Amino acid sequence: MQSSSPSLLLATGALALGLSALPACSAGEGEKDHRSDGVPTNPLLGGELDSNPISLDSRIGFVGAPGTLAPSEGPASAPVSTCPMSMGCGDGCRDAATEECDDGNSDETLDACDNDCRVRDLLLVSQTKPEVLSAQCDHFVVSTTQPTGDGTLQKPWDLNTALVATASISAGDVVCLRAGTYGTGGSQIIIWTIAGATDNRVVLRSFPGERAVIDGTLQVTGDWVEVRDLTVMNSDTARISTSTAQGASDINRGIGIDVNGASNVNVINTVVHDTGYRAIRVTAGGSDAMFYGNISFNNGWEHPSGGWGDGFFVKGADNFVENNFTSNNFDKGMHISTVSDVALKNNQISDDLIFGNLASGTNRLEQNSIYGYSEIGQNGANSVGIVIDGNTFVENDVSEIRKLYFRNWQEQEVKNNLLYSTQNWLIFYQQNYAVTSADWHDNHYYYTNTKTQPFREVVGSSARNFTEWQTISPQYDVVGSTYTAAAPTGVQVRVYPNAHEAKRAHVSVFNWDKDPFVDLDLSTVGFEAGDQIEIWNMHNLCGDPPLVQIYDPNKDATIPMNGWTTADAIGYDGTNPFDEHRNPHPDYGAFLVTSGKFGTLCGTCANPLEPTSASVRLCPNERRLGDGRHQASATETGWFGVTYLEFAGGEPSVQLASFDEDGVPFSRRPIDEGTTPLYFSNPVIAGLSTDSVFAAAWTDLNGDGDQLGVAMRLVTLGQADLGAVEYANESREFSQFDPDIIWTGSEIVVAWVDDTNLRTAPDIRYRTFDEDLKPTSGEQDLAAGPEVDADVALTTFDGSWAAIWRSASNQGEKIEAVAGSVAWEVGPFPPPPAIDVPAVAELDSTHLLVVYTQGTDPLSSGVENTPRLRGAVLDVASPGPVIPFAIDPLVTGFTDPSFSQSQPAVVNVDGDIYIAWRSENRAAGLGGEELWIKPVAWDSMTDTLTLTTTELRFQRDAVHADGDQRRPVLAASNLAPSGAIVAAWTDFGRTLGTGQGSPDIGVQLMPNPLIRIIP
């Protein structure tokens, strides 16, 4: 029996929050926060605002990379705390007792001190590159102008010099491009004429651990050259032509990698995207090329009758194309034309493929995974022979092209293939010449179109069933082949280890059962026990973050088949001709598996050179909030902290940035000493009873003696020494991870996901500690049933605490909740495509508010792949099942139910409730992400929750909402007189100050009640 729900007001409206009219903003002031007395405040400093916009850098509340802060960017008189530890002057602090900078210069102003020390920080960071990486390179190239460079690490060439440096580049040399962007896109061509010698190639590659981006065409004209580990793309935004010609004058996009008449050229492990009508090309006259391990997508443009743009184009002799991925091109995925011999092996081709024009010679197509459009085996001449062995051809629901198109092949060997089609034919067979041999066997056909037969013989102008097909001379598929008038079942996983990079592989998944999770056997890839593995979605390498796991040789990796996205084409504002099936998940997935951080695939950061002046810029450090529930927290005295992950030099670090009660930055420091953080450590913190102490928790590798564990420690601001590392989990076998932590006012509560019990795992467990981090209980179960339990979140409740988590079973997902002896459940409901940690906050001493996301299907596609916000009020007087309600956007332009909502947060600030979330922002372009915060009214007298207040932009200034923002975080502070909202987010824009990283963390302190005046 379902519980009764508090009354709910859902009508659109605006909530005045009971305050009188406020002063109007002066011209140019923009959107401001106000305290309850109506005085506008700087949400980061707590003081009155001037009329100038404020840049949020590391000194005034933005957790940013070192950079220059101009005096106009912040009040010069802003209070600065005493340096609490040896953090370096780049953290924006000086010794309050001596008024000296860290360098001992007492005559400098604060801003000058900061500027000097930021230059020193740049020097420090530039020296962190290990020499072992440099040893892999013979010559060095940077994207900036270096007229006096000599190609050494200390004095690198610029690219123009390297291109003509034939006197000093010899066969066998390795030329390394440092991180940066080379070229300006459009029709620009970078021509590499330098050649190697027989079996001794010249190598052009990214510096190990970095990613160089070529914006334009890389044309290779020298023999015996190897190109590897680069990104080649084109930033020109014109993608729609009025002409059907390949050389359309209104399109300014060149080929990506052009092997122009050269022989023995290798292209290895390179990403090529958004180029012109050929992404990777071998022209006539080129031969013996090898394309291996490359990833190609979104190439070409649209024209009135279709599109130009091939992922691979091979027109030459004796070429080899293996272990590549291509997807979402505007024309063909792989186009093989007029060749004498080409081998195509272990490739993954998806979504848009028209694979045609295999010409004379012995051509081999082996072990490929092909999803979507395809024409295999087409040729216009009397061809000698073709081998098609061990491939999988799967048509999606909207493809209307036959799977195998055979024309004029004298010798045919077709075996061990799987073919599945829903429309038109499986085989389109046209022979105008005599067939001398046809060896077709052990093929497996699946066909679900009832309107026509699966096999079409053009000569006889008739469609045939499988039995009739087997009677065609000289007989086809008589031995070992099968035909099924239904779709395949089960899951097919193919793992293609990379022969040119250790611990790297491409993975193809055909998920005919649409399982939400698929297991990957990675035992052939070379991983060792304890290796950190990263699983990347090859349909959106530049957008989706990787799934990170620890390799266990006794256990398969597990990967979700929902929640992945597909990269949008640069500058393309139309509908791709194949757009209706451009995101194939969960039916099909293509993944890159690597060990360690893969690197920047699409970045444009500057080169990490040793700077000679403050104007030299570094690739910024990457900072992200984790996925835990409490990434921010305030102490009982109002000081607050934000914990996050920082990736400097590719290594993760758990960091804590702290602020006083007015939002003035106090310190920023790593807190993971003595532990091994991971890319998914998801740190969380709880502020304790004093203004200087926080308890932190995160996922750690092997510190507890076996796999993952939940590391904890106390951090006292102003003390250089960190507290001892403790572990929340008493059970040390297998893994414990993804913690949440709170301070109830009398004890610390930590909960986590636990894999100890192999029969019921994953489970949820918790443990309590005192303010000195001494255990006050053993670990106990919150959830230990057969369901899959994860994503736990805690909150204070009626002087104690409550917990919620996600629980999944065959019936769908539920939100489970417990407070003392009272338990509730919400659901079941369709899971969202990407799992969000649910949010929970106390409404009053007997009610909780839960906010979560569930999957919806607003376009009636048959798949619940649009996450939307839902809420539920839990009443201690009505345990058990609870009826949820929708939390729909009210801002014009975002009310469309097909716009996704995700990453919820909720907080109670002095009795006022606020909900935040991430929204899809199509008004800003495909892929845009925007954050919102919504005041919610709770009436404890009538048990009424009111959702009629229109949400506000999360950031104080509209400018700071440019670019993508993710992961909104809310916490409560007791700033007088009515508290304040501590807000943080991961920011991918470039508007928050000169010292900004990418991505980075934005932080705000917003006085309660939250009132914005928008002119």
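Trainee: Which strand gives the most to the lining of the second largest pocket?

Mentor: This is a predicted model, in which local features need pLDDT of at least 70, side-chain atom pairs count only at pLDDT 80 or more, and totals for chains, interfaces and linings use all residues. Residues are numbered from 1 along each chain as its sequence is written, and side-chain values use heavy atoms, without hydrogens or water. Elements are DSSP runs numbered from the N terminus: helices (H or I, at least four residues) and strands (E, at least two). The most, 5 residues, comes from strand 70.

Trainee: How much space lies in the second largest pocket?

Mentor: On a 1 Å grid over the protein atoms alone, a pocket is an open set of points where a 1.4 Å probe fits, with protein on both sides within 12 Å along at least five of seven lines; lining residues have an atom within 4 Å of a point. Points are joined across faces, edges and corners, and the volume is the space filled by probe spheres set on them. For the second largest pocket this comes to about 800 Å³.

Trainee: Which of the 36 lining residues are closest to the centre of the second largest pocket?

Mentor: Elements that give two or more residues to this lining include strand 57 (736–743), strand 61 (788–797), strand 70 (901–909) and strand 75. The residues closest to the centre are W743, T796, V907, N908 and A972.

Trainee: What is the bridge partner of I280 in strand 22?

Mentor: An open sheet of 6 strands has the order 8-11-14-17-22-25, with parallel pairing. Within it, 4 bridges join strand 17 (278–282) to strand 22 (310–314). The partner of I280 is F312.

Trainee: How far is the charged end of R278 from the centre of the ring of F313?

Mentor: A charge sits over a ring if NZ of Lys or CZ of Arg is within 6 Å of the ring centre and within 35 degrees of the ring normal. R178 sits over F207 in this way, at 4.1 Å. For R278 over F313, the distance is 3.8 Å.

Trainee: How many residues of strand 44 are buried?

Mentor: Buried means under 20% relative accessible area, exposed over 50%, and partly exposed in between (1.4 Å probe, protein chains only). In a regular strand the side chains alternate between the two faces of the sheet. In strand 44, Q532, E534 and W536 on one side are buried, as are I533, I535 and N537 on the other. The count is 6 of 6.

Trainee: How far apart in sequence are the parts that F527 and Y551 tie together?

Mentor: Rings of Phe, Tyr and Trp (its six-membered ring) pair if their centres lie within 6.5 Å; planes under 30 degrees apart count as stacked, over 60 as edge-to-face and the rest as tilted. F527 and Y551 form a tilted pair, 5.6 Å centre to centre with 45° between the planes. F527 is buried at 9% relative accessibility, and Y551 is buried with a relative accessible area of 9%. F527 lies in the loop between strands 43 and 44 and Y551 in the loop between strands 45 and 46, so the parts tied together are separated by 24 residues.

Key:
Two strands pair if DSSP finds at least two bridges between them.
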